[in-house]
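Have the sequence and the model open side by side.

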Amino acid sequence: MPDLWMPGATRLDVGGHASTDGGKPKAIAHITWDRNATAAKPQDLVAYENLQSWFGRNPSGIPSAPHILWDPFTGRFTQFLPANSRSKSLADRAGGTRTNRAGAVVLQVEALFFPYCRVDGKVYPRLIDTPCKGWPQLLAWIRSWGVPDFWPMGRPTNFNSRRSEETWRTTGGWYAHAHVPENDHQDPGSWPAFATEEEDDMTPEQAKQLAEIRSLVRFGTWGYKGAGQVDAWAILNSLSTQLAAQTAAVKALAGQLGNDVDTATVVAAVERAIAEATVQVNVDVTGPTNS
Ligand SMILES: [Zn+2]
């Protein structure tokens, strides 16, 4: 059996363990949303210890305790209930579908966050703007309970709620609180990516650079159509100018990502792509003209 208690998390057992209903394993993404700040009026983040004692010791907080309180600024975790017990951060009306118990596990995570919180003088509009420290460890533990890297209702990117009782009943994976039936909360607004979709977390500048790199890949399948507007030499010339710009973009992106990527590997991959693309151009311009 995987670990009932997340390795590295502070254990603050609130008791009242109760079994789940079985079925497809799920994880639920929340933010604590303690304060209503705005871009014009940011507010200081609430202390981690306050939330820890709210969910862990306060008679008013315990009834809505999640499994895990996560501080994305420091990577600290506190766990209030073991993985195989239901936790209590979802509303569950009498009758109708079940929420907190609706799976072999229903692992609930409250990220210590509200939009436009301020930490050390810096303001964070979205959870994914924070360092998301500890996310790999948290994800690893949740995966160990069989929760797939999948958002049946879509990964949260705003505070709009959409709820489908049928999807909830039939599909395992990650759900935003905003996407759970019988609930009216709209959190968490954003959530860090699984390793396979890292690009979603990029800044707009990084995303633009990646799009430029992608155009390089598309270029690899470019074919000379012989439309007669420009000759092959002109096409090659303008392509090599584009390639130079794209190479610069790749290098800039690799530089920004810093230690997260092996810069030499990225640059080598691009150089390979350029070589392949050049071969492709040569074949196309010297071969039979496509119509
Ligand atoms: Zn919530």
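Both faces of strand E2 are covered. Lys26, Ile28 and His30 are buried on one side, and Ala27, Ala29 and Ile31 are buried on the other. Buried means that 20 or more other C-beta atoms lie within 10 Å of the residue's own, with C-beta atoms placed from the backbone. Strands (E, at least two residues) are DSSP runs, numbered from the N terminus.

This is a predicted model: local features need pLDDT of at least 70, side-chain atom pairs count only at pLDDT 80 or more, and totals for chains, interfaces and linings use all residues. Residues are numbered from 1 along each chain as its sequence is written.

**Strand E2 and its partners**
- E2 spans residues 26-31, and six of its six residues are buried, so the strand is largely enclosed by the rest of the structure.
- E2 pairs with strand E6 (residues 106-111) in the parallel sense, over six bridges; strands pair if DSSP finds at least two bridges between them.
- In that pairing, isoleucine 31 stands opposite alanine 111 of E6.
- E2 also pairs with strand E9 (residues 173-176), in the parallel sense and over four bridges.
- Here alanine 29 stands opposite alanine 176 of E9.

**Alanine 9**
- Alanine 9 sits in the segment before strand E1 (10-11).
- Alanine 9 is buried, because 21 other C-beta atoms lie within 10 Å.
- Leaving out residues up to four places away in sequence, alanine 9 touches Ile68, Phe77, Thr78 and Gln79; contact means C-beta atoms, placed from the backbone, within 7 Å.
- Alanine 9 and arginine 76 are 67 residues apart in sequence, yet 7.0 Å apart in space, C-alpha to C-alpha.

Technical notes:
Buried ≥ 20, exposed ≤ 12 C-beta atoms within 10 Å, placed from the backbone. Contact = placed C-beta atoms within 7 Å.
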